[in-house]
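Here are a few notes to read with the model open beside you.

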Amino acid sequence: MMFHIATVLVAALAGAIAAISGFGVGSILTPLFAARLGTKVAVAAVSIPHLIGTAIRFWKLRHNIDKRVLWSFGITSAIGGLAGALLQSRLNSPILTIVFAALLIFVGVTGLLGIAQRIRFRGIAAWIAGATSGFLGGLVGNQGGIRSGALLGVNLPRDAFVGTATAIAVFVDGARLPVYLVTAHTQLASAWLIIALASAGVIVGTIGGTRLLRRIPETIFNKLVSALVLCLGVYMFGRGVQWWR
């Protein structure tokens, strides 16, 4: 019972953070699910409330999507994410998690220092940044943080940033969810209650977070996203070191 209550509360928090930063549902819910279902099943199970929250954000922010970035950075990110997800079971290791976490920490720190805002991904650079961030995220099962970190280099306004990140996540979810449904359908069916509760929490959090987004000044938005990316990197670094031991 306590786990079910925690699932709803944590999912609501994750949905709110994702509505503000463009990532958070997978990062926050996966460790919670892993405690009950195991890591591999948790990644598959979280993809369902993740898709639901992404779909709600997409609908609310559909008019703010930067189509140029979506069709360059976004497409290659989805392709890279699918490739990484397919290789995850073969290549997944604590070393990959630590390297990925170090990259997130670097992105977060440079964002807070204002260095990331001076980097500009245009043309082929946007395609490469999308593919690389998607592939690395797919390998460790956490694409949102590195995708938002890379998007800081595209220099989008607040609503366009979250809207475009959300639209890219729709591509990614559409690519990976069928894979999970085929490979883990039995385990997902047995975890239906946890998935349903998490989905309900994500819906509530997403709606509340979307309203809060409008109140965040443009001047501090990038710093806030960078801080969240940094926090995620520190957390994943600690988790990777723990697995290594």
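1. Axes here are lines fitted to C-alpha atoms, for helices over the stretch in contact, with angles from 0 to 180 degrees between N-to-C directions. Helices (H or I, at least four residues) are DSSP runs, numbered from the N terminus. With that in hand, look at helix α1 (residues 2-21) and helix α10 (residues 192-213): their axes come within 6 Å and cross at roughly 35 degrees. The crossing of α1 and α10 is right-handed (the near helix is turned clockwise from the far one by less than a right angle).

2. Before going further, please note that this is a predicted model, where local features need pLDDT of at least 70 and side-chain atom pairs count only at pLDDT 80 or more, while totals for chains, interfaces and linings use all residues. Residues are numbered from 1 along each chain as its sequence is written, and side-chain values use heavy atoms, leaving out hydrogens and water.

3. Which residues of α1 and α10 meet? Contact means heavy atoms within 4.5 Å. On the α1 side they include Phe3, Thr7, Ala11, Gly15 and Ala19, and on the α10 side Leu197, Gly201, Gly205 and Gly209 are among them. By class, this contact has 14 nonpolar, eight polar and no charged residues (Ala, Val, Leu, Ile, Met, Phe, Trp, Tyr, Cys and Pro are nonpolar, Asp, Glu, Lys and Arg charged, and the others, Gly among them, polar).

4. The rule asks for NZ of Lys or CZ of Arg within 6 Å of the ring centre and within 35 degrees of the ring normal. Likewise, the charged end of Arg62 sits over the ring of Trp59, 3.7 Å from its centre.

5. Rings of Phe, Tyr and Trp (its six-membered ring) pair if their centres lie within 6.5 Å, with planes under 30 degrees apart stacked, over 60 edge-to-face and the rest tilted. The count comes to one aromatic pair. Phe161 and Phe221 have ring centres 5.4 Å apart and planes at 75 degrees, so the pair is edge-to-face. The two are 60 residues apart, Phe161 in helix α8 (residues 158-183) and Phe221 in helix α11 (residues 218-244).

6. Phe161 is buried, with a relative accessible area of 1%, and Phe221 is buried with a value of 1%. Buried means under 20% relative accessible area, exposed over 50%, and partly exposed in between (1.4 Å probe, protein chains only). In helix α7 (residues 144-151), eight of its eight residues are buried, Arg147 among them.
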